[in-house]
Amino acid sequence: MISSLRGTVIALMAGSAVIEVGGVGLQVFATTSALAKLHQGSEALLHTHLVVKEDSLTLYGFHSLEEKEVFEVLLGVSGIGAKIALAALNTYDANTLRQIVAQKNEKAITQIPGIGPKVAKRILLEIGDKLGPALSEATPVAPAESATTETVIAALVGLGWREAEAGEAVNLALQQLPTGTTQELLRTALQIFGSRR
């Protein structure tokens, strides 16, 4: 099992990065929060989970052990694959997911792309208390504060886009999601870039 890797970021793409370790370029699919911290040409450390299938070996990367642990618990739910588990962490941070599960908030879980009411019920049933307590269980889950455009633009520039392009994409994303979180706006901006290719 490859549990972490440290190396030079040689390429950044929507949804993944290529990190050179010992002369080998490894593609790592990562959360938007992890990708936002990476810069091309700089050294990076990612906690990783290797998904082994008959025809592929796929690495998933996270900026914290907490993110990785939540990802692995989600993978343990029947019918939940790596893509949906990653989508969950792109929609909510690890602590918010803990809070949602602790509160049995089925509606919040259905906000994750690819998860409907039936799967949301299964997640709550199968995870139980495996995620452990949230840092602040007493506070109900509420929509996150609107992200500042500067934060999202900086993340996009870190992913390799020019500042002018990033600003334009963020403005378009804000039109679609005026009260979106940083992760939601970043994901929407990446989708806007993807639609132009």
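Trainee: What makes the largest nonpolar core a core, and which residues have the most contacts inside it?
Mentor: This is a predicted model, and its largest nonpolar core has 30 residues. A core here is a set of buried residues of kinds such as Leu, joined through side-chain atoms within 4.5 Å. Those with the most contacts inside are Leu12, Leu35, Leu38, Leu156, Leu159 and Leu186.

Trainee: Which elements give two or more residues to this core?
Mentor: Both strands and helices do, including strand E1 (4–13), strand E4 (43–53), helix H7 (149–158) and helix H9 (182–195). H9 gives the most, with 6 residues.

Trainee: What does Leu156 touch?
Mentor: Leaving out residues up to four places away in sequence, Leu156 touches Trp161, Ala166, Val170, Leu186, Ala189, Leu190 and Phe193. Apart from this core lies another one, of 29 residues, with Val70, Ala85, Ala87 and Val101 among them.

Trainee: How do you know that the buried residues of helix H2 line one face?
Mentor: Start with the list: in H2 (residues 65–75), Glu67, Lys68, Val70, Phe71 and Leu74 are buried. Looking down the axis of H2, these buried residues fall within an arc of 165 degrees, so they line one face of the helix.

Trainee: What covers the buried residues of H2?
Mentor: The cover includes H1, E4, strand E5 (56–62), helix H3 (82–91), helix H4 (94–102) and helix H6 (117–127).

Trainee: Which residues meet where H2 and H4 come together?
Mentor: From H2 there are Glu66, Glu67, Glu69, Val70 and Leu74, and these meet Ala94, Asn95, Leu97 and Arg98 in H4.

Trainee: How do you know that E4 pairs with E1 and with E5?
Mentor: Pairing asks for at least two bridges between the strands. E1 and E4 are joined by 5 bridges, and E4 and E5 by 7, so both pairs qualify. E1 and E4 run antiparallel, and E4 and E5 run antiparallel too.

Trainee: Where can I see those pairings residue by residue?
Mentor: Look at Leu5, which stands opposite Leu46 in E4. Then find Thr48, whose bridge partner in E5 is Gly61. A hairpin joins E4 to E5 through 2 residues.

Notes:
Residues numbered from 1 in each chain as written. Predicted model: local features only at pLDDT ≥ 70, side-chain atom pairs only at ≥ 80, totals over all residues. Heavy atoms only, no water. Buried < 20%, exposed > 50% of the residue type's maximum accessible area, 1.4 Å probe, protein only. Helix = DSSP H or I, 4+ residues; strand = E, 2+ residues; numbered from the N terminus. Contact = heavy atoms within 4.5 Å. Arc of directions from axis to C-beta.
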